[in-house]
Amino acid sequence: MANAEITTPLKTGRKGQFYSRAGADNGETSMLLVAEPILGSAEKTALCDVIDSGWITMGDRVRSFERMFASVHGTDDAVAVNSCTAALHLILEALGIGRADEVLVPSLTFVATLNCVLYVGATPIFVDVASLDTPLMSIEDAEARVTPKTRAIILMHYAGYLPADEDWRSFAERHNLVIIEDAAHAVGVQGVGRYGDATAFSFYGNKNMTTAEGGMVLARDPKVLSQIRQMRGHGITLDMRQRLKGRTPHYDVTMLGFNYRMDELRAAIGLVQLERLAMWNAKRKSLTDIYRQRLASLCPDVLVPFRAGAVTANHIMPVILPPDANRDEVVALLMQAGIQTTIHYSPVHRLSYYAKAFPNVRLPVTEAYAARELSLPLHPAMVSAQVDRVAAALADALTTL
Ligand SMILES: *Cc1c(COP(=O)(O)O)cnc(C)c1O
């Protein structure tokens, strides 16, 4: 159970499976999942329309998805790609981050946040989080780790919560750094994408909206965005759609590119999902508010990070167990009660590959947080009675131990 990226099953509702759709308790064993995509007839229709159209990749739907995504986030344009990881990689490439450079990164994140730094040959410098209550990057620790080689900082909006942007902007200006937002948790939040020179989003199956696999880039400088657009498709100056429509067989390649394209099937799903994103995020907020109330009364020893009313996409529901609680036992008891939980995250610097590459990293607050964190089920298909059930089961588990 390392993290939700790995543990979240993408198949739902299969008969006889260990898990089944939340709310659809039809007498089979029903596991309340940590995260669950909402997909239905609108997505099916959209997929059929793409197949009937005969145009299956990088067409009008991808372009519409980009425009609609940009407008939802208050920007002029966006570039769709096939994952958030690809988005982060393209951002670092386009911003010219490379071998001689250091990049400040969190460790309380999914590995993709810093893998992109390794892809371009730069050095990730791990920075601690501020506190158990605010598990976002600590500006004091970032300050302490800046060197003359530091070129960039990647802010990850953990659980969907945005940091105080004025502080980070002045920090970046003071040290002449670019800010990159890993906004995989923060799609649809007011203000996301405004901190950074560029921002990456994910539409993986457990995110607030999904295209199964997929991602999006926003960038402040239109030149950076257009470079990312070209790099996404092998660095070719004209994309396939333009070539076919323009009846010219010629193309040129003016930069090293990648194949990080999005296809029409995914964009069609994305367009449908985007229309419901605000409603789903509102549902996540109300479920989170109910969690906060129930946990405060039933489990007063459990800490719920961040403040009610903070600006957030409520992507996950992290709680901090009391210091003496045995988390593995709590997980097992909740599982017996039909409740899946997960951990966000095993700190990246402690995972074998990174521990070997970057020994002697010490991040005491990140480590303390990760040792006690548990993520409870949170997704818009849930109803408030299920929140009550989780809070009651957690209270039971903690008193049983
Ligand atoms: C999911 C996630 C990613 C990776 O997204 P993909 O679209 O699967 O590449 C990156 N960063 C964070 C914080 C994530 O949660």
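Tutor: The account below begins with the salt bridges, turns to the aromatic rings, and ends with the ligand.

The model is predicted, and residues are numbered from 1 along each chain as its sequence is written. Local features need pLDDT of at least 70 and side-chain atom pairs count only at pLDDT 80 or more, while totals for chains, interfaces and linings use all residues; side-chain values use heavy atoms, with hydrogens and water left out.

Side chains of opposite charge can pair when their charged atoms come close. A salt bridge is taken here as a side-chain nitrogen of Lys or Arg within 4 Å of a carboxyl oxygen of Asp or Glu, and this rule gives a count of 16. One of them joins Arg229 to Glu66, with the closest N and O atoms 2.9 Å apart. Helices (H or I, at least four residues) and strands (E, at least two) are DSSP runs, numbered from the N terminus.

Glu66 also meets Arg232 in a salt bridge, at 2.7 Å from N to O. Arg232 is in helix H8 and Glu66 in helix H3, so this pair ties together parts 166 residues apart in sequence. Burial is judged by relative accessible area: under 20% is buried, over 50% exposed, and anything in between partly exposed (1.4 Å probe, protein chains only). Glu66 and Arg232 are both buried, with Glu66 at 1%, whereas Arg229 is partly exposed at 23%.

Another salt bridge pairs Arg266 with Asp263, whose closest N and O atoms are 2.6 Å apart. Arg266 is partly exposed, at 27%, and Asp263 is buried, at 16%.

The aromatic rings come next. Rings of Phe, Tyr and Trp (its six-membered ring) pair if their centres lie within 6.5 Å; planes under 30 degrees apart count as stacked, over 60 as edge-to-face, and the rest as tilted. Eleven aromatic pairs are found in the whole structure. One is edge-to-face between Tyr158 and Tyr345, 6.4 Å from centre to centre with 70° between the planes. This pair links distant parts of the chain, 187 residues apart: Tyr158 is in the loop between strand S4 (150-156) and helix H7 (165-175), and Tyr345 in the loop between helix H11 (327-336) and helix H12 (352-357). Tyr158 is buried at 1%, and Tyr345 is buried at 2%. Trp168 and Phe171 have ring centres 5.3 Å apart and planes at 85°, so they too are edge-to-face. Both lie in helix H7, three residues apart, about one turn of the helix, and both are buried. Elsewhere, ring pairs link Phe65, Phe69, Phe201 and Phe203 into a cluster.

Finally, the ligand is surrounded by 17 residues, a residue being near if one of its heavy atoms lies within 4 Å. Cys84, Thr85, Asp182, Ser202 and Lys207 are the closest. A ligand oxygen is 2.8 Å from a side-chain N or O atom of Ser202, and a polar side-chain atom of Lys207 lies 3.2 Å from a ligand oxygen.

Conventions: A polar contact is a pair of N or O atoms within 3.5 Å; within protein, one must be able to donate a hydrogen and the other to accept it, and residues adjacent in sequence count only if both atoms are side-chain atoms.
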